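Biologist: Please take a close look at one part of this model for me. I would like the charged pairs and what surrounds them.

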Amino acid sequence: MKHTLLIAAASLLFAACNKFGDMNVDPNRPTRASNTQLIANSQLYLPVLQENPQGEYFGQYLSETQYPNLSLFNQVSASFYGIYQGPLMNLDTVLRGNTYDLLEGPAANQQAVATILRAYFFWHATDRWGDLPYTQALLGRSNFTPVYDTQESIYNDLFTQLTAASNMIVAGNIKNDLIYGGDPNKWKRLANTIRLLMALRLSQVAPAKAQTEFNAALTAGIMTSNDDNFIFKHLAKDATESYWFNQVSDQNRKWWALSETLVSKMKPVNDPRLPIYGDKNAAGNYVGLEFGKLDGLSTTAFSLLGAEQRRQDAKVYLVTYAQALFAQAEGAKRNWIAGGDVAAADFYYKGIERSIHQWKGDTLGFGVMKAAPSIAYVAANGMEQIATQRWVHLFMHGFEAWAEWRRTGWPVLVKPQGKEIPTRQGYPSDEVFNNKTNYQEAVSRQFGTTGDGLYGKLWWDKP
């Protein structure tokens, strides 16, 4: 009888465990993230692609007011490990798992968003470093020494991935999306806009391929307003505050002023974005600091980084409607799309107007700026004007502006202390230990005896 009671008690205990779950598992501390949680965590890395002083120096938006160092291009190598180990690993987990909880939204949309974000991170990385681990990357224990794929092959696959992602999107929002609130239509337009901008990057090295992809992206449907902008919005909280708030407002590091090059493009034409980009100096004027200057430095004589950029909850602009308009202006100028210079001028002016609206919230001042002689579109100078205004618009997105400068050569930037402007970043120094054979092969293939430095040319930068 005693044994019977013990068996009955044990049976009740196991039944209770089956009914109520494991009492030792804390439901508030899950051991496995869902797909959309992994996507959301990947989105938290997006500000790093823009909020980076090195990018601002390569794009020459900011000059150093106290400690000139990085603006003199003294740092060669830069690590891409954080991109791989953080967002790319998260997104690859979503895509390789191929298991989708429909309570988080349509499976197709979860896959599409992960694919678009993965493509965006890889596009950013290959345009900084060149050839990268791609097809054999993110395999963990299966392969710790992946080969480096060529930039051309990476671009071709990213075009394929973005096209597939755009085509697979269906109705229905996904959960946990920090950017678009899960809106599938905005993600679709983003995928096609990234494809459009990527196509433009090939204008010198593969113009036929560039034109084909450019028009295919337009047909598939790109951004149609500033409401489609791909923006990361910081929160006014310590854990999610902007980098520039932490550096300037919180730690009082007045280390950055607007470059003289930037102010010289904006101030003479009464550009209404200037008060958003920078503050007046102590004398009440907008004065830029010569990029790479070593003497006469000051935190009061020049226009420091603007208060709007230093907000704790500042916005990080990554891919924007104005960019798409400038791209179409260039496409018309190149006769990739119809309209020639008439269409180019129209897209050019719209790009400026939408940029002003993006930065200010209104278009006050656009008319005055448009009337400036140097802003008026002139066919003979059209390509330079489009490139220059795109550069002004891309303020604080230094790596993207730097890529466009490498492609077009506009605007004319400064050679600090006579140093050439870099055309790439060096690979992580640890690669010579972690992945020596593949690293050396990639460097030799791309740059020959020049080696892994700042001045090798990327594939699309070799006309």
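Modeller: Here is a walk through the salt bridges, followed by the helices and strands around the chain.

This is a predicted model, so read every value as computed from it. The structure holds 26 salt bridges. Start with D127 and R201. Their side chains meet in a salt bridge, at 2.9 Å from N to O. What does that pair tie together? D127 lies in helix α5, residues 107-129, and R201 lies in helix α7, residues 184-201. The bridge therefore ties together parts that are 74 residues apart in sequence. Is D127 buried or exposed? D127 has 3% relative accessibility, so it counts as buried. R201 is buried too, because its relative accessible area is 1%, and the cut-off for buried is under 20%.

Now take R334 and E330. These two form a salt bridge, and their closest N and O atoms are 2.8 Å apart. Their surroundings can be read from the accessibility values. R334 is partly exposed, with a relative accessible area of 24%. E330 counts as buried, because its relative accessibility is 1%. How do these bridges connect? Salt bridges that share partners join D127, R201, E330, R334, R390, E400, E404 and R407 into one network.

Helix α5 has 23 residues, and at 1.5 Å a residue it should span 33 Å. Its end C-alpha atoms are 33 Å apart, which agrees. Helix α5 is mostly covered, with 20 of its 23 residues buried. G130 follows α5, and the phi of G130 is positive, near 105°.

L196 counts as buried, because its relative accessibility is 0%. What does L196 touch? Leaving out residues up to four places away in sequence, L196 touches F214, A217, L218, I222, A324 and A327. One of these is I222, 26 residues from L196 along the chain. The C-alpha atoms of L196 and I222 are separated by 8.0 Å.

A loop residue comes next. T150 is found in the loop between β3, residues 148-149, and α6, residues 151-168. T150 is partly exposed, with a relative accessible area of 31%. Not counting residues up to four places away in sequence, T150 touches D131 and R445. T150 and T126 are 24 residues apart in sequence, and their C-alpha atoms are 9.3 Å apart in space.

Last, a pair of strands. Strand β4, residues 230-233, and β6 pair in the antiparallel sense over four bridges. Which residue in β6 is the bridge partner of F232? That partner is V316. Strand β6 covers residues 315-319 and is mostly covered, with four of its five residues buried. In a regular strand the side chains alternate between the two faces of the sheet.

Methods: Residues numbered from 1 in each chain as written. Predicted model: local features only at pLDDT ≥ 70, side-chain atom pairs only at ≥ 80, totals over all residues. Heavy atoms only, no water. Salt bridge = Lys/Arg side-chain N within 4 Å of Asp/Glu carboxyl O. Helix = DSSP H or I, 4+ residues; strand = E, 2+ residues; numbered from the N terminus. Buried < 20%, exposed > 50% of the residue type's maximum accessible area, 1.4 Å probe, protein only. Expected span 1.5 Å × (residues − 1). Pairing = 2+ DSSP bridges. Contact = heavy atoms within 4.5 Å.
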